[in-house]
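User: Please take me through this model by setting each computed value against the definition behind it.

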Amino acid sequence: MAEQRRFLSAAGVPIALRRRQHSASCRELAVRGPRLQLRSLSAVTSAVWLAAYGLFALSENSMVLSAAIFITLIGLIIYLHFVKIDQESLLVIGSLGIQVTSSYASGKESTTFIEMAQVKDVVINEAIHMQKVIYYLCILLQDPEDPQGVSEVVPLFQSSKPRLDCLIEVYKSCQEILEQRKTVPQSNEIK
Amino acid sequence: MSLQVTAMVLKVFFPSCCSSADSGILIGRWISEQNSAVVLAVVHFPFIPVQVKQYLGEVQRVTKVSVSVLGSWSNSKQEKEESLSEFLEDLGTIFCHEPWIQISKEGDSKFWSCSILQKHSKNPQEEEIILVYYDQRKVMLSHLHPPLDTAGQRAEDASKLSAIFDTVARSQVLFMTDRYDEGPIKLTHWQSDGVEASIIVELLKQASVPACMLLTFLLSLLSGICRSRVLKFWPLSFLWSKLSTCEQLGHRLQHLQVISSNKKAQNQNQLMRKANIFVSLLIDVALGILLMSWLYRKNRIGQLADTLIPVADHVAEELQDLLQWLMGAPAGLKMNRALDQVLGRFFLYHIHLWISYIHLLSPFIEMILWYVGLSACLGLTVALCILSDIVALLTFHIYCFYVYGARLYCLKIYGLSSLWRLFRGKKWNVLRQRVDSCSYDLDQLFIGTLLFTILLFLLPTTALYYLVFTLLRLLVVIVQGIIHLVVDLIDSLPLYSLILRLCRSYRLAAGVKFRVLEQQDGKPLRLLMQINPLSYGRVVQTYRLPTYSCYPRDSWASLCKKLFLGELIYPWKHKGDKQN
């Protein structure tokens, strides 16, 4: 079962949160940002080409024009493949782990899987980002030596930066599944 | 103590190649700490239970993996047969395994039904089952890399995934039985489609053993010659240590020794290192031969030799002009005439000597270059090192001037600092390593002050010469440094690992990723486990080959301090050189 709700990101950009429950212990939460707009793409391309044409008129060297085309193409490819993140999703599978995926505009997906034994907790934290204080969701990783300690903090949804209302939804969904694993060891002792 | 009826989750790792297998029993490994079952193969009917147990015992002995019968698998193409399901349950009593997993597939449906039989559990709980499909061949061949920062700590606390990878990798002997073998037991698991061997690959494999032995013998001869006493006499050993070509050749010799050793690689790291060295050598030699063929075509060597002498002449002329400028009023500064003339004439004479020496060599240059160019076939790195050495030899006079200027300046600075202390009535106490006050006699003070004044007013002249020659020397050092950086890059880049990451990315795994497949209510959760390959940056970091040189060992601050005090700087020292 899937449901979708609209929220705002920290910068005021509209984002969409999609929740899917695959089974009792498996949930997928995906935050989708806005797609690349045609008008901003055309604006940037026109600006670069106008500048190149101006340089060409000054210097009478046609290399400037080919260089501008080349730069635009390479810049667009780099932007789509390395910079523009379309969707960030979180797949929580109780007893296996948490998988964090970022999908780029060119279709590339970069995935990290964290095993459940390493996950201490999922919390909402505050941080100072540029001139704002924003909330962000993060996974706390267990320190193998110190049971109370935290070895690493993995921030989630870094590119879309949802606001607190969206984060609370995601937090509640994650905690429902994480709670299940805390009760399981007790039933082992009962046996 | 809360008695919550919670779902215990059981994970079944099922190989995707067995999805269309006929009915039978599942064999694999049960990992009780993680409540997961790794299915390795399906044994088909008919079989004799005793033989199956015997076979499993053998496999367990060889692979050290506790393989056992995990459950039953039924693939009914028609409707479900009642007798079959009872038969399968009865099997659970023969091969007693706790819990007994029953998976059944109807027709071509994607959604299988899984059930668990637990005989010895006191409180029956609803177990949720997760079915994870994995590609047996890829998991068997891949090598899991732990995260870099925690490599030491996590060694004992082996991650769960590595247990699964380990199980599949170590059970390789199980996968060797072919489905067409005539034996008491018929298995389905990943099959290799026959050894992909072309005749050439087989011949190469056969020929590699004697080739390795020959190479080892030749290398031992060569290293014996290198270590012989003849080459250890003072002028020769000094020369060998200064020429970077010899270092590079020694380095490559070491690499060849590593490749041609007869010991098989113990683990993944050694195998990758050998492969990386081999590919790196191959590419190096190929590029070197390419360079050689370009150089020797159209008599480029002759052209190079013809331009070498005029270039050396031109450099010498420029230096002479520079010195004439320094001897006049450089940049409007007024120099001390006498000292200026002495230093200027001294350096001019040196340049004159150098030019005569170069002219003496000029008839032989072309022949020397021709023979030296032949050594480019040993590799591009050797050619670049020769280039760096030629640059060093041609600018030897700049190095000499730098040393003279630096020594003079250094002497002056030390003299000045010591006489400055005398001027203030203090002295350096060598015993206590500190500055102490001291009472001087009048004549000591008089001579000290006189000398201090002389040195102080001669400082600008010496400082200017020092500055000019240091800048020239730094220029040469930078050029040599760039060449060495390129050589190091070629030496240490793990090309085989990068190509492997490009073409067979599942071999180098950073972890796994799961994809959720179509679900149906009431059926177990279906996931697909795929291998998450290492990023290129980590591949280079993990597998880069060690090099013999280390980068600027002085930080910027100490470099500036040395320059100011006039100490000689050698920023590109090699590892293993004694510290000054």
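Analyst: I begin with a network of salt bridges that links A:Glu3, A:Arg5, A:Arg19 and A:Glu169. The model is a predicted one, in which local features need pLDDT of at least 70 and side-chain atom pairs count only at pLDDT 80 or more, whereas totals for chains, interfaces and linings use all residues. Residues are numbered from 1 along each chain as its sequence is written, chains are lettered from A and ligands numbered from 1 in the order in which they are written, and side-chain values use heavy atoms, with hydrogens and water left out.

User: What makes the contact of B:Asp166 with B:Arg170 a salt bridge?

Analyst: A salt bridge is a side-chain nitrogen of Lys or Arg within 4 Å of a carboxyl oxygen of Asp or Glu. The closest N and O atoms of B:Asp166 and B:Arg170 are 3.3 Å apart, so the pair meets that definition. Over all chains, the structure holds nine salt bridges.

User: Why are B:Asp166 and B:Arg170 separated by about one helical turn?

Analyst: Because they are four residues apart in helix α4 (residues 160-170) of chain B. Helices (H or I, at least four residues) and strands (E, at least two) are DSSP runs, numbered from the N terminus.

User: Are B:Asp166 and B:Arg170 buried, exposed or partly exposed?

Analyst: Buried means under 20% relative accessible area, exposed over 50%, and partly exposed in between, with a 1.4 Å probe and protein chains only. B:Asp166 has a relative accessible area of 35% and is therefore partly exposed, and B:Arg170, at 37% relative accessibility, is partly exposed as well.

User: How do you know whether B:Arg252 and B:Asp284 count as buried or exposed?

Analyst: B:Arg252 has 6% relative accessibility and so counts as buried, and B:Asp284, at 0%, counts as buried too. The side chains of B:Arg252 and B:Asp284 form a salt bridge, at 2.8 Å from N to O. This pair links distant parts of the chain, 32 residues apart, with B:Arg252 in helix α7 (residues 244-260) of chain B and B:Asp284 in helix α8 (residues 268-296) of chain B.

User: What is the N to O distance between B:Asp491 and B:Arg252?

Analyst: The closest N and O atoms of B:Asp491 and B:Arg252 are 3.3 Å apart, and the two residues form a salt bridge. Here, too, the pair links distant parts of the chain, 239 residues apart, from helix α13 (residues 442-492) of chain B, which holds B:Asp491, to helix α7 of chain B, which holds B:Arg252. Both B:Asp491 and B:Arg252 are buried.

User: Why is B:Ser492 called buried, and what does B:Ser492 touch?

Analyst: B:Ser492 is at 7% relative accessibility and therefore counts as buried; this residue lies in helix α13 of chain B. Contact means heavy atoms within 4.5 Å, and, not counting residues up to four places away in sequence, B:Ser492 touches B:Arg544, B:Leu545 and B:Thr547.

User: Which residues touch the most other members of the largest nonpolar core?

Analyst: A nonpolar core is a set of buried Ala, Val, Leu, Ile, Met, Phe, Trp, Tyr and Cys residues joined through side-chain atoms within 4.5 Å. In the largest one, of 48 residues, A:Ile93, B:Phe514 and B:Leu527 touch the most other members. The helix α4(B) gives the most to this core, with five residues. Apart from that core lies another, of 25 residues, among them A:Phe7, A:Ile98, A:Ile139 and A:Val154. Leaving aside neighbours within four places in sequence, B:Leu527 is in contact with residues including A:Ile93, A:Leu96, B:Ile130 and B:Phe514.

User: What area is buried between domain 1 of chain A and domain 2 of chain A?

Analyst: Domain bounds come from an automatic or database domain assignment, which divides chain A into domain 1 (2-36 + 84-183) and domain 2 (38-82). Buried area is the accessible area (1.4 Å probe) that two parts lose on being put together, summed over both, and between these domains of chain A the value is about 670 Å², of which carbon and sulfur atoms give 59%. A:Leu36, A:Lys84 and A:Lys108 supply 70% of the area that domain 1 of chain A buries against domain 2 of chain A. Across this interface the rule finds zero salt bridges.
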